[in-house]
Amino acid sequence: MNKVWCVVVCFFNLQYSFAQQLPVFSDTLFSTYYHQRVSHFNTLPASREDIVFLGNSITDGAEWVELFNDVHIKNRGISGDMTTGVMHRLSNIVSGKPIKIFLLIGINDLARGVSADSVFRNIATIVSYVHHHAAATQVYVQSILPVNDYFKKFTGHTNKSEQIKELNTLLRNRQKELKYTFIDLFPHFCNDAGKLDTAYTNDGLHLKGNAYMLWKHVLFPYLYNVETKPSLIPYPKKIEWNNTLFPLWKTGTVYISDTGIAKMNLQYFLGRPIDSLFNAVNTPLNKPIIKIILSKEGVPALNDEAYSIHIDSLQAELKANSLKGIFYALQTFKQLRRDGAVIDGCDIQDWPSFSWRAYMVDAGRNYESINLLKQQIDRMSTYKLNVFHFHCTEDIAWRWQVKCYPQLTNAGYMLRDKGMYYSIDELKELIAYCKERYIEFVPELDMPGHSKAFERAMGCSMQSEKGKKILYDILDEISATYQLKYFHIGGDEVKITDTAFLPAMEKRMNNNHITTIGWKPGGNFRDGTIMQLWMGNEQPTTSKKYIDSRHFYINHFDPFESVVTIFNRKVGGVNTQTQNVLGAELCLWNDRRVANEEDIVKLNPVYPSMLAFAEKVWNGNGSNQYVSGLSELTPQEQENFMLFERKLLEHKKLYFHNSSFPYSEQASSYWHLAGPFFNKGNLTMRFTPETKNFDSTYNKPDLIARGNTIILKHWWYPMISGILAKPEENTTWYALRKIWSDDNGLQPFWIGFNNMSRSTATDSPDALTRDDKHSCIWVNGKLILPPQWQHASLKGDLEVPLIDEGYEYREPLLIPLKKGWNEIVVKLPVGSFKGKDWQNPVKWMFTVAPVDPENK
């Protein structure tokens with residue numbers, strides 16, 4: 001029988017490079033079990049979202065869906081199968097055009113006497129057929145696993161070690177030519193003698209459960225297109241990978257050095273049920289254990305938040321100087337255990353660059369439920385942000401319950417979300433929720449500005465004698481009711497008619513041992529009050545302590561701009577905390593009414609911004625220059641950004657499945673820009689790039705721009721730069737980008753030309769236009785029509801919610817692409833740089849970004 005198989009295989013394998021059709025085999029060549037499985041597979045639905053595991057008994061033996069907790073995985077392994085068997089059933093698998101195929105096949109061929117070269121040729125035929133009939137399917141060919149003759153079983157297989165090595169060498173060396181990804185499993189499973197480690201098998205060929213856990217760990221990066229090692233955000237100050245593996249899957253014993261550690265949600269952080277929890281640390285390492293220890297960790301700064309982690313094959317040891325540091329170590333550990341099975345060994349020593357790492361929400365203008373606030377606090381906690389700034393009083397509404405003045409939260413005095421406010425019990429719950437996550441809760445009752453709701457309820461100005469008396473009562477109640485370390489007093493955007501007002505309010509809180517914070521620019525504050533910078537031209541001085549919020553307002557950012565800008569900022573103009581610069585704060589001011597509370601996170605790039613901010617404020621450094629795009633960065637800054645972007649996209653894929661995360665890869669997006677063409681104020685004037693072939697006419701472009709959002713001139717120019725060093729009015733530029741498609745089909749895109757701030761009453765575009773500058777976009781020469789705006793031509797109105805004005809919160813546009821290279825041309829005219837008014841600045845920009853349909 002071996003000779004028959006050899007002839008059948010060798011006859012067909014010469015044609016692998018022309019595998020538009022597969023060879024035909026007689027059904028009699030295959031086992032009863034084979035036909036049972038194939039008939040079963042043929043009755044099951046196939047989908048483009050499928051991830052197919054294709055192979056023999058080694059694949060067949062795994063419960064892949066349970067192993068990865070992923071319903072998209074389809075086990076198409078058949079015990080005893082060979083390369084010919086895979087070819088015989090391949091057409092049904094490929095017809096569904098799965099997103100990925102993981103192939104492990106060949107050991108049974110070798111056992112039947114088929115040569116390594118012939119097996120390789122058949123695998124090449126399989127790969128070629130997939131590429132021809134499902135061009136977008138990614139193919140991963142796994143190496144043949146080692147075998148071991150120790151058990152004296154499957155001797156026809158376990159004596160093929162040399163042939164296995166020969167075949168694996170062919171698979172490794174030919175991957176680029178045949179356009180598949182080779183995954184070398186062999187070294188992970190072999191012992192020092194190059195044989196299958198007996199810890200992973202009981203017959204020398206097949207795998208035990210622990211081997212499948214290791215296999216999961218090896219495949220995880222390929223399955224989900226993530227980095228080989230876990231992408232940690234924020235990245236530790238010092239980290240070294242030590243080439244060991246910690247078997248988390250069989251670890252249930254945890255040793256702690258302090259009862260405070262036991263109060264943390266250890267099972268959540270460790271990702272394992274805890275069988276035994278001991279208050280001891282000096283224990284023999286006779287099985288894998290986790291140690292969590294309060295100790296003395298020496299670091300250059302901010303000892304209270306520092307931690308270290310050591311992981312090897314026998315233990316994971318987390319150390320810190322405080323419970324807060326332990327909490328941060330656990331957050332990092334949670335990211336290290338991303339596959340839930342095995343953790344890469346490493347040594348980490350980490351500490352923050354700044355002690356004030358804050359995030360602010362404005363719940364005064366738009367009410368946010370406690371659940372939505374907790375969702376954001378949880379994200380803060382994950383990324384080691386440690387201050388939650390809660391702005392909850394505004395002209396729109398006063399939403400902080402005051403027992404002695406209940407009229408403040410009366411629905412009749414609110415203009416939006418009437419009757420929605422935060423009760424004393426809810427505020428205590430929120431404070432406790434923050435405290436459990438080592439986050440400082442900082443309330444802000446803005447005074448004396450932004451206080452029309454107060455005036456409606458109380459019938460007086462805050463700066464009046466009556467108003468001051470009321471505020472004293474409120475501040476006293478707050479001081480007595482809540483345990484606060486800080487209190488934000490506001491003080492901005494108001495005419496101070498009583499210079500004694502702010503000092504009196506500050507003193508009232510300071511006397512209760514509460515440190516006050518105020519906005520700068522703002523009113524006349526006492527020396528002890530911390531200043532929060534919010535205007536770009538404000539600079540810290542040596543006379544006060546500062547928090548930097550300049551150009552950290554999420555509500556003004558385009559999503560792609562936000563990540564570039566924030567990641568490259570230098571907090572307070574310093575690399576690390578100084579006596580005066582405490583840190584920074586990311587702010588979310590959604591002035592415009594929202595249709596529902598989820599839109600606060602949907603309309604703004606909250607989570608991409610938060611992760612970039614967490615990285616920046618933990619690790620410091622950066623540029624003093626405000627930038628809006630990748631093209632304005634130095635080569636080294638671009639390289640640093642590209643490394644961070646890969647981490648960001650990994651976190652999007654793994655941890656933000658059900659959350660708005662408007663971001664896709666942009667570091668590899670390059671645009672050829674041609675211009676300026678002088679349009680004399682006629683924005684519809686046509687120029688050479690749209691009348692002739694752009695690519696052939698402008699093979700030496702005037703500019704190369706990088707990114708998905710390109711800002712030609714920033715609306716806050718010259719403080720913030722764009723791609724054009726000297727932008728000119730009444731000019732037109734063109735941009736060209738080429739995009740590859742593996743197949744003909746529809747590709748979702750984000751396309752935009754005026755990313756509207758969520759804080760201004762900006763006019764909506766007119767019908768049949770993209771913006772008021774007559775911007776256009778063509779794909780393969782075909783004009784792409786603008787959206788059918790629901791609010792076409794609407795005069796800007798803060799009380800009308802945004803619906804589809806921004807690309808990031810409307811459905812991506814499906815654009816037909818052809819197989820091969822596709823040409824995108826964008827036309828960018830501009831007239832005067834003077835906008836209609838401050839609510840309608842001229843935003844000379846565009847966004848074109850392919851969207852991953854899996855995670856848009």
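Predicted model: local features only at pLDDT ≥ 70, side-chain atom pairs only at ≥ 80, totals over all residues.

Reply: Residues are numbered from 1 along each chain as its sequence is written, and side-chain values use heavy atoms, without hydrogens and water.

Me: Is α23 buried or exposed?
Reply: Buried: 14 of its 14 residues are, so the rest of the structure largely encloses α23. Buried means under 20% relative accessible area (1.4 Å probe, protein chains only). Helices are DSSP runs of H or I, at least four residues, and strands are E runs of at least two, numbered from the N terminus.

Me: How do α21 and α23 lie relative to each other?
Reply: Roughly parallel, which means an angle under 35 degrees. Their axes cross at roughly 10° and come within 8 Å. Axes are lines fitted to C-alpha atoms over the stretch in contact, with angles from 0 to 180 degrees between N-to-C directions.

Me: Which residues touch?
Reply: Among them are Ile 566 and Phe 567 of α21, and Ala 612 and Phe 613 of α23. Contact means heavy atoms within 4.5 Å.

Me: New topic. What is the strand order in the open sheet?
Reply: β22-β21-β24-β29-β26-β27, with antiparallel pairing. Strands pair if DSSP finds at least two bridges between them.

Me: Which strands stand at the edges?
Reply: β22 and β27; each has a single partner strand, so one side of each has no neighbour in the sheet.

Me: How many bridges join β24 and β29?
Reply: Eleven. Trp 740 stands opposite Trp 821 in β29.

Definitions and conventions. Buried < 20%, exposed > 50% of the residue type's maximum accessible area, 1.4 Å probe, protein only. Parallel < 35°, antiparallel > 145°, perpendicular 65-115°, else oblique.
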